[in-house]
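Here are my notes on the structure you sent over.

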Amino acid sequence: MPTPNPGDVVNRFQKALGEKDFDTARRLLTDDLEFHGPLDTFHRADDYMTAIQRLSSIIQRIEPKRTFIDRSDVCFIYDMVTNTPAGTAPIAEWYRVAGDRIAAINVFFDARPFAQPAGPSTS
């Protein structure tokens, strides 16, 4: 059986997330998924999927811009359009694919528009 194309694995994952098919998306991740982003870090796929399911309520759509593939690495660049005051956020995701599943995801974006406002100053 030929090794799946890493780009195809990431595309299937993105499609499943877009359709809110979280079971299919989860099956495309290794159990010990390493996720690093500006707001969270996870070392287990189940923890990551819990966060993704919560996040899905604010996402209106994903507008893909560009995908780059280098062996088992895939870089997916897109605009995430939200229903929050943050509006649209440009995002880059770096996936590392192992066989037919995603083993690691690093996400890069400006998290400031999504940060909780600070409470009243005590100074």
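1. Let's begin with His36, which sits in strand E1. Please keep in mind throughout that this is a predicted model. With a relative accessible area of 32%, His36 is partly exposed. Setting aside neighbours within four places in sequence, His36 is in contact with Thr41, His43, Ile105, Asn106 and Val107.

2. Not counting residues up to four places away in sequence, Ile105 touches Phe13, Leu29, Leu33, Glu34, Phe35, His36, Tyr48, Trp94 and Tyr95. Ile105 also belongs to the largest nonpolar core, which has 30 residues. Ile105 is among the residues with the most contacts inside that core, together with Phe13, Leu29, Leu33, Tyr48, Tyr95 and Ile102. At least two core residues come from each of helix H1 (6-18), helix H2 (22-27), strand E1 (29-36), helix H3 (45-55), strand E4 (73-82), strand E5 (88-98) and strand E6 (101-108).

3. Now step back to the whole chain. How many helices and strands does the protein chain have? There are three helices and six strands, and along the sequence they follow the pattern α-α-β-β-α-β-β-β-β. The C-alpha trace spans about 65 × 30 × 25 Å along its principal axes. Of the 123 residues, 35% count as buried. If you look at contacts between residues at least 6 apart in sequence, 41% of them join residues at least 24 apart.

4. Gln14 lies in helix H1. Is Gln14 buried or exposed? Its relative accessible area is 15%, so Gln14 counts as buried, the cut-off being under 20%. Leaving aside neighbours within four places in sequence, Gln14 is in contact with Phe76, Glu93 and Tyr95. Tyr95 is also one of the residues with the most contacts inside the largest nonpolar core.

5. On to the largest pocket, whose volume is about 820 Å³. Its lining comprises 34 residues, and Ile52, Leu55, Ser56, Ile59 and Met80 lie nearest the centre. Two or more lining residues come from each of H1, H3, strand E3 (59-70), E4 and E5. What is the make-up of the lining by class? The lining has 23 nonpolar, five polar and six charged residues.

6. There are eight salt bridges in the structure. One of them pairs Asp79 with Lys65, with the closest N and O atoms 3.6 Å apart. This pair links distant parts of the chain, since Asp79 is in strand E4 and Lys65 in strand E3, 14 residues apart. Asp79 is buried, at a relative accessible area of 17%.

7. A second pair to look at is Arg44 and Asp47, where the closest N and O atoms of the salt bridge are 3.1 Å apart. Arg44 is partly exposed, with a relative accessible area of 44%. Asp47 is partly exposed too, with a value of 33%. Elsewhere, Arg26, Asp31 and Asp46 are linked in a network of salt bridges.

8. Arg71 is my next stop, in the loop between E3 and E4. Arg71 forms a salt bridge with Asp70, the closest N and O atoms being 3.6 Å apart. At 70% relative accessibility, Arg71 counts as exposed, whereas Asp70 is partly exposed, with a relative accessible area of 43%.

9. Finally, a word on the backbone. Most residues other than glycine have a negative phi. Arg71, although not a glycine, has a positive phi of about 55°. Lys20 also has a positive phi of about 55° without being a glycine. Where is Lys20 found? Lys20 lies in the loop between H1 and H2, and at 45% relative accessibility it counts as partly exposed.

Notes. Residues numbered from 1 in each chain as written. Predicted model: local features only at pLDDT ≥ 70, side-chain atom pairs only at ≥ 80, totals over all residues. Heavy atoms only, no water. Core = buried A, V, L, I, M, F, W, Y, C linked by side-chain atoms within 4.5 Å. Buried < 20%, exposed > 50% of the residue type's maximum accessible area, 1.4 Å probe, protein only. Helix = DSSP H or I, 4+ residues; strand = E, 2+ residues; numbered from the N terminus. Contact = heavy atoms within 4.5 Å. 1 Å grid on protein atoms, 1.4 Å probe; cavity = no way out; pocket = protein on both sides within 12 Å on 5 of 7 lines; lining within 4 Å. Points joined across faces, edges and corners; volume = space filled by probe spheres on them. Nonpolar A, V, L, I, M, F, W, Y, C, P; charged D, E, K, R; others polar. Salt bridge = Lys/Arg side-chain N within 4 Å of Asp/Glu carboxyl O.
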